[in-house]
Every structure is written in C-alpha cells, then in structure tokens.
Amino acid sequence: MPEILVTPHDIDTFSTDGVVCLRGVIDRGWIDRLLEGVEYTMEHPTPRGRLWNRDEQGRESRYDSQAWTTRPEFRDFIFESPLAGIAGELMQSERVNFFFDAMFTRTPGTQFRTPFHQDEPFWSIEGFQTVSSWMPLVPVAKASCLETVRGSHRWEQRFRQENFGALTGDERDQVEFDDADDGLVDFPDIEGNRDKYDIASWDMEPGDVICFNARIIHGGSGNLPEGSELKVFNTKWAGDDARVIFRDTGMDPDHTEAMTSVGLAPGDRLGTELYPEVWRR
Ligand SMILES: O=C(O)CCC(=O)C(=O)O
C-alpha cells in the first residue's frame, strides 16, 4: 500500500473549499511515464479524442479520455500510484473506485480557456464523494493554471451548464441542458465578475496535483505564454456515495454505453473491470 500523502489540514481544506493543491506527491518516474502515454495518445487518439479548439495560428487544445484501457502507463499509474489513497483520504471514503482518466493538451502559446463549469452535471455518476486530480506534467504558471471557485461545491443551486458542443463544434459533444428542465438556474458569470468570487489557482511543477470535488466550479487553464505548452493528466475517483445515473441531457463523457456493456445500471455503485475498486480503508 503506497504511503498516504495528505495531512488533516488538506482533508479539512478539501471539505471546506472543495479543492486543495498538494505539492510534490507524484514522483518524477511517474511523470515521465505519463508523458510517454500522453504523447502516444496525442499521436494516436482514442475514439473519444476531441479537438476542442484550433486558433488562427494553428494552436490547438485537445482532449481525450479512458485511454487507460489501452495504455499500460496509465493503467499502472491508476493501480500503483498514491492517488487512489489520496482521493480516499480527501473524500473520507471507505472505498475508492476509479471512474476515468482525462487528458488536456495545449500547444505552445494557446490562449483558449476551458469555460467555467461543474463536472457532476455532465457525468454518468452522482454523489458528493468525488475527486478529480488535475496534474500538469510540465510546469504551469498561476496565470495559465486551472481555476476553481472555492466553496462552490456546496452551493445549493443547480446550474444550467455550457453545451460543450457549441464550443467545439463537435456533434458528439452536444449536451444541451434543456431550458424547460426544472430547478436549473443560469450559470453565474464568473469571468465577468471575477472580483466577486474566491478563485483559486497556483504556480505548479510536475508532481503537484490539484484535487477537486466534481461539484466545484472550475475552468481556465489557457493563456499560455509564447513557447509554453500544457500537458495535463487527470484521474477521476469516486467514493462511497457515488452512484450510476444515466442523464437525459448533459453527459460528456457519456458512459451509458460503456457502463451498460459491463452490466452497470442506474443506482449501482461503480465496479467491474472498467471502474475498478482501487483502494479500501
Ligand atoms: O484543463 C482544462 O482545460 C479543463 C480541466 C477540466 O475541466 C477538468 O479537469 O475537469
């Protein structure tokens, strides 16, 4: 069992703020292996690979997910790195299942920022106990880092989220949140009122990880200086209260088919070889 690398203060911060930046918890050996996996996947995207943005200068932002099912570097990292234990401690969960991996890459100088959003409304699971671990594999300055709105994981409103399909132009990303749907309120204009929100971001080195709750509002990670690229590997973890849900709208990535193929149904805990239990207290 790998060493646990979180303090009681980190656990409190994660609970209160919904986000914590852990320093130097992943060693260089893992970073080098993950970089190999990310570079391979950029060259050979999975069927889930997406070009999120290409600007007039040809600078690109790309996304891919669930590459762990074919890349040994990612698989080993999921089962052997300290992250599952870190997620378990932060969530104060008895058990931790792996949900999926996501990679975000931006070529040097890319300005494109991911719009502010929450993850859970797009996901095929729901629950409070979740951790996304956003891990840059190259240094990133605060101005180009992922941003999160501290405490927003505990806000009571349910927000209408962005349709990523409108942004990427990709038909597979059409995830309309229906106006007619009940209870959803318009997403707050964080970008236009930045001084009104407690926005967290950090200067980061490879080995540092931002862990955040899937209900927290987050976005950004663009604005790259000329000559600087960004390569991020994110692993998503689910705890005791997370349950499968197939939503009518807003699923990206949509795991309905993948979950159904391994026998998972709404209301189930994650499990099976596709969403394995990786850690137990
Ligand atoms: O890094 C990014 O651009 C987006 C990250 C994100 O939305 C996530 O990790 O859930």
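**Exercise 1.** Which residues are around the ligand?

*Solution.* This is a predicted model, where local features need pLDDT of at least 70, side-chain atom pairs count only at pLDDT 80 or more, and totals for chains, interfaces and linings use all residues. Residues are numbered from 1 along each chain as its sequence is written.

Step 1: take as near any residue whose C-beta atom, placed from the backbone, lies within 6 Å of the molecule. Around the ligand you then find Ala102, Phe104, Thr114, Asp119, Ser132, Trp134, Leu146, His218, Ser221, Val232 and Asn234.

Step 2: look for their strands (DSSP runs of E, at least two residues, numbered from the N terminus). At least two residues of the shell come from each of β4 (95-106), β7 (130-136) and β14 (230-238).

**Exercise 2.** Describe how helices α2 and α3 pack.

*Solution.* Helices here are DSSP runs of H or I, at least four residues.

Step 1: The axes of α2 (residues 28-43) and α3 (residues 72-80) cross at roughly 140° and come within 8 Å.

Step 2: list the partners, with contact meaning C-beta atoms, placed from the backbone, within 7 Å. Trp30, Arg33, Leu34, Glu36 and Gly37 of α2 meet Glu73, Phe74 and Phe77 of α3.

**Exercise 3.** How many helices and strands does the protein have?

*Solution.* Count the runs: there are six helices and 16 strands. For the extent, the C-alpha trace spans about 50 × 45 × 40 Å along its principal axes.

Methods: Axes fitted to C-alpha atoms, helices over the stretch in contact; angles between N-to-C directions. Contact = placed C-beta atoms within 7 Å.
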